[in-house]
Amino acid sequence: MNHRLHVALIAAIGLGGLLGGCGTRTDVSLTGNTPAQYSHVWITVQAVWFNTSATAGPDDGGWDKFALSTPSTVDLVAQNGGNIGSIASGLRIQVGTYSQVRLIPVDATAALASSAQSAGALYNFEADWVDSSGTTIQMPLELLNPDKGIGIPTSLKVPVGNVGTGLTGTSTGTSTTTGALPFGSTSGTTSSPFGTTTSTSSSLTSSTNASTSTTPNNSFAGALDGTVNLVPFTFATSSNGILWSAHATAAYDLSTAGGISGQLSLTNITTATSGLPNIRVSAQTLSADGSRWVVVSSTAVLSDGSFLLYPLATNSSTTSPLTYDVVIHGPDIATIIVKGVWVTRPSSPSISSTTAATTTVTTPTNSYTIPSTTTRTTTGTTTGASATANANVNAVSIGTLTPRAAAASGQPTSYSANISTAPGALLPAGAVVNFYQTLGGKGEVPYVIESSPIDPFNQVLFNSQALSVGTIDSGTWSTNGTVTVVSAAPQEKAGTYLVAASSPGFSDGTLSSKVSVSQPNSGTAMVVVPALTLESGASAGSLAAAVVASTPGKYDQGQLLLSHDGALVAAAPLDAVLSQGTGGIVTVPGLPAGTPDAVYYATVRAWKSTDPGTVQRQWYPQVIDLRTSTSGTIALTVN
């Protein structure tokens, strides 16, 4: 199940007045949430679609399509901290309630857009980091069926606005931070794809109107989370790539959205070469079944120690607003959990966002002893938008907190963990593995402390997950801004975590497996992750794909990837059918079928084993519709 439907790499959509017989004026932007090791994550968009149906696939009817006159590029790293990077403004959206927004990207293999070139990118979709030698690596981000777009579920009401006729242009955001190595060397070049298409009904141009409305725009925001959407992988034994899999998407009305801000004291906290501390913050809510906490928003801690979780859903109550538990985590610190943070709508005067909140640390006699200050030093610098959180958001503050080291000075603060699967019990290719800990006390359920997508082709974590060995500092937020924090071991014991996976179309994994490591925390701890079962109401479906190469012998290795709304759902190897020259049938079992989301599209990666640096990526326009069937077929010719 995809719980991160309210989370943070964020597409912000602002709607304002403009009828003029056509519709209400709409602005589209992106804001980002990316792990600290990345220096840039470039996203280039060429069109935006809207649909009033929550179940419409990209080939179904009802889409209001807008092609941008010029593709627009945003750096998601620069959008950390709730910052907004504009894509387009002035889309004439019809009045109504929309259940989907779909961003149509420009693939990394397409001609470089002028906006991406101006930003310093080599590809339209790109992830950058700095390797161990100090060299900046710029790698293309591979997309799944980019012509079908990245789907963002939502419920956005476009109101009747003031009359106007203007359409404004597009803009881009950039950042100049540098990043650390997220994985190994690049795999070489990528050839031009097959099947790139664009389908739109409107085209944007820039114009202005002599009259200017004084009515402020209504604003909406959709969300994507780089923590789980950036998926590094290994193929052909030792070649690497990185995939964009849009697991976490949602949209918000920013006129009613709230936020949570805070400040960390970073004295003696080590940072990555990006200049950002290796600390992240998430807002979590209880799962529908009450068995665990789930992440609904996530963000990086910036170089000055500030953070902003934004946007967050709110309700209309000033006395019983929606509440979130905030989890501050990283491999070198003791996790901090602040419970019960009220998040009210911006118009609510009941809680001031400018209160100078304070935090008190209380250590009971039976708790973990706070270790002495370590001698680690802060390194790296940051410039650009990523250094400062969005100051325009009326966020509730949880004050200033001082993270403590996870272990005493000179002792290891973390250990590495990785996963395996039981024979015949593989995880779905789009799975994310979550590491949980539970506070002491009656009725407590596990919180997500760390998350990592699996390498879809190897059923492991590409990078072993670093897990803190520390205890947990926890306290409850109060309306006067004071948080009293108590240090104690989690129910699982310090350094021990429950491990379970989640994936679109599947129920959350059982919380039965644990991982831990004893001192001196050397080596990598391994844990078998329980298999997932289909979500309630879904049936087991399958696909029979007839695969043939147009030039026999050109490729002898490959992968078939199936996606839904830009998120990876399943994968299957193509080595056998490609190497035999004449092709063959590849069966993909275990697909979620019989639900409104059971609409899939196919992408193929193919290469010659003697030249894995040149990969043919190809996507196909045919829909694989399992909404009312448990079996499907498709013919795939690999050019």
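What share of the contacts with a separation of 6 or more joins residues 24 or more positions apart? The share is 76%, a contact being heavy atoms within 4.5 Å.

The model is predicted, so local features need pLDDT of at least 70 and side-chain atom pairs pLDDT 80 or more, while totals for chains, interfaces and linings use all residues. Residues are numbered from 1 along each chain as its sequence is written, and side-chain values use heavy atoms, without hydrogens and water.

Start with the whole protein, coloured by secondary structure: three helices and 39 strands (DSSP runs numbered from the N terminus; helices are H or I of at least four residues, strands E of at least two).

Next select F233 and F457. Their rings form an edge-to-face pair, 5.1 Å centre to centre with 90 degrees between the planes (rings of Phe, Tyr and Trp, the last by its six-membered ring, pair with centres within 6.5 Å; planes under 30 degrees apart are stacked, over 60 edge-to-face, the rest tilted). F233 lies in strand 12 and F457 in the loop between strand 25 and strand 26, so the pair ties together parts 224 residues apart in sequence. F233 is buried at 0% relative accessibility (buried is under 20% relative accessible area, exposed over 50%, partly exposed in between; 1.4 Å probe, protein chains only).

F235 is in strand 12 and W607 in strand 36, 372 residues apart. W607 is buried at 2%. F233, F235, F457 and W607 form one aromatic cluster.
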